[in-house]
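Q: Please take a close look at one part of this model, namely its charged side chains and how they pair. I am new to the structure, so please give each term its cut-offs as you go.

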Amino acid sequence: MAATPEGYMPGFGNDFETEALPGALPVGQNSPQRCAYGLYAEQLSGSPFTAPRGSNERSWLYRLRPSVRHTGRFDKVDLPHWKSAPCIVEHDRPIGQYRWSPVPIPDASLTFVAGVRTMTTAGDVNTQTGMSTHLYFVTASMFDDYFYNADGELLIAPQQGALAFVTEFGRIGIAPGEICVIPRGVKFRVELVAGAARGYMCENYGAKFALPNRGPIGANCLANARDFKTPVAAFEDREATSRMTVKWCGKFYACEIGHSPLDVVAWHGNYAPYKYDLRAFSPIGAILFDHPDPSIFSVLTAPSGEEGTANVDFVIFPERWQVAEHSFRPPWYHMNIMSEFMGLIYGQYDAKPQGFTPGAMSLHNCMLPHGPDAQAFARASQARLEPEKLTKTLAFMFETRFPQRLTDYAATLETLQEDYADCWAGLEKRFNGKP
């Protein structure tokens, strides 16, 4: 028997309730003496029990078996390409600005978990600080194969190919232009929808992603809460030899179980996976002169405990109008305490028209200068400043307060552009001593 309704509930951080069978969700209490349908009540907590009400996160799940039956005697397993911080590799790469061309999808059978390739790590997974950035490659669906991450939440951004995340909370489908977030501890498997898939992933070890404060922007624009979608309850009642893999403190452990762990018939709470269409983002920009800080393009932020300094920010550069008068419109040259990992989902990025194609990546670490290449500078300096719409473009950035260290995989990738720094070589001295 399986009940797999399609659908989503709107809102960000709401207290949701949903049931796949009528009457499965208790009314008026969380843990009745006997649950309907012979279900078990279980709480999944994403925050300490005593966290303030505004940051206290938990959901109550009503399932065929409690999670103690979805684990067994674990054995350590090796996923050598998925790294966690601290991961300090003594490779030969000096500090510098880095950029990689797109990495081809390997010609091998790779599930979502097996296909993760870590590019950078920052902070310390053992102290729940920092993050890591990954590529993922998927050529095979996960059948009777399940996973959860005890180290942090996962933000997945497809670049090629659609995926279905079948979670214990319900089913989430995403394609390029969308993201999904799977919270720490949530069990899931991943199915291919049509053809091989490739994309980017941020693993956030710290406090979970939240919507950034808008400050003087006010109540509207940027990412609006109503555009986030959380799945309705769906469950699998499947008896089959299966494998559960867990990531815990940077290591991987697996055990065999005899059934699907995605057996939640009903749930309620505010700790759940969700998806978001990045094209729903309502950007704010300069409407007279100059270029505002890129923080105005923040979709989600994971706080660090120091106000205004994120553990991780997720920032996008979507379609938008540029109208600023007597101003240099692309991003300005700068050095930044934050470390920025950037990717391009589709289209062209205005500050790097050459060498940064869809599927590519760049890394500009703490206090390493960066900005438009020589071609973008020349074009923007001479352009007629008429209203211009940047269309069919979507870039993103994972940035963190911590330095991002290259993994050996990233340092030795064949697609690493050894001549990346040459993109600024044409920025000659232009000073002539005249006003």
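**Charged side chains and their partners**

A: Arg63 lies in strand 5, which covers residues 58–63, where strands are DSSP runs of E with at least two residues, helices are runs of H or I with at least four, and both are numbered from the N terminus. This is a predicted model, in which local features need pLDDT of at least 70 and side-chain atom pairs count only at pLDDT 80 or more, while totals for chains, interfaces and linings use all residues. Residues are numbered from 1 along each chain as its sequence is written, and side-chain values use heavy atoms, with hydrogens and water left out.

Arg63 has a relative accessible area of 0% and is therefore buried; here buried means under 20% relative accessible area, exposed means over 50%, and partly exposed lies in between, using a 1.4 Å probe and protein chains only. The C-alpha atom of Arg63 is separated by 42 Å from that of Thr393, a residue 330 positions away along the chain. Arg63 also belongs to a network of salt bridges that links it with Glu42, Glu168, Lys187 and Asp263, a salt bridge being a side-chain nitrogen of Lys or Arg within 4 Å of a carboxyl oxygen of Asp or Glu. Side chains of opposite charge can pair when their charged atoms come close. By this rule the count in the model comes to 18 salt bridges.

One of these joins the side chains of Lys208 and Glu57, at 3.6 Å from N to O. Lys208 sits in the loop between strand 16 (197–204) and strand 17 (228–231), and Glu57 in the loop between strand 4 (40–45) and strand 5, so this pair ties together parts that are 151 residues apart in sequence. Lys208 is partly exposed, because its relative accessible area is 22%, whereas Glu57, at 15% relative accessibility, counts as buried.

Another salt bridge, at 2.8 Å from N to O, brings together the side chains of Glu239 and Arg65. Glu239 belongs to strand 19 (residues 239–248) and Arg65 to the loop between strand 5 and strand 6 (75–77), and this pair links distant parts of the chain, 174 residues apart. Glu239 counts as exposed, because its relative accessibility is 54%, while Arg65 is buried, with a relative accessible area of 18%.

A further salt bridge connects the side chains of Glu191 and Arg171, at 2.8 Å from N to O. Glu191 lies in strand 15 (residues 188–192) and Arg171 in strand 13 (residues 170–174), so here the parts tied together are 20 residues apart in sequence. Glu191 is buried, because its relative accessible area is 15%, and Arg171, at 29% relative accessibility, counts as partly exposed.

Asp313, which lies in strand 24 (residues 310–317), is buried yet has no salt bridge. The nearest side chain of opposite charge to Asp313 is that of Arg401, 10 Å away, where Lys and Arg count as positive and Asp and Glu as negative, with His and the chain ends not counted.
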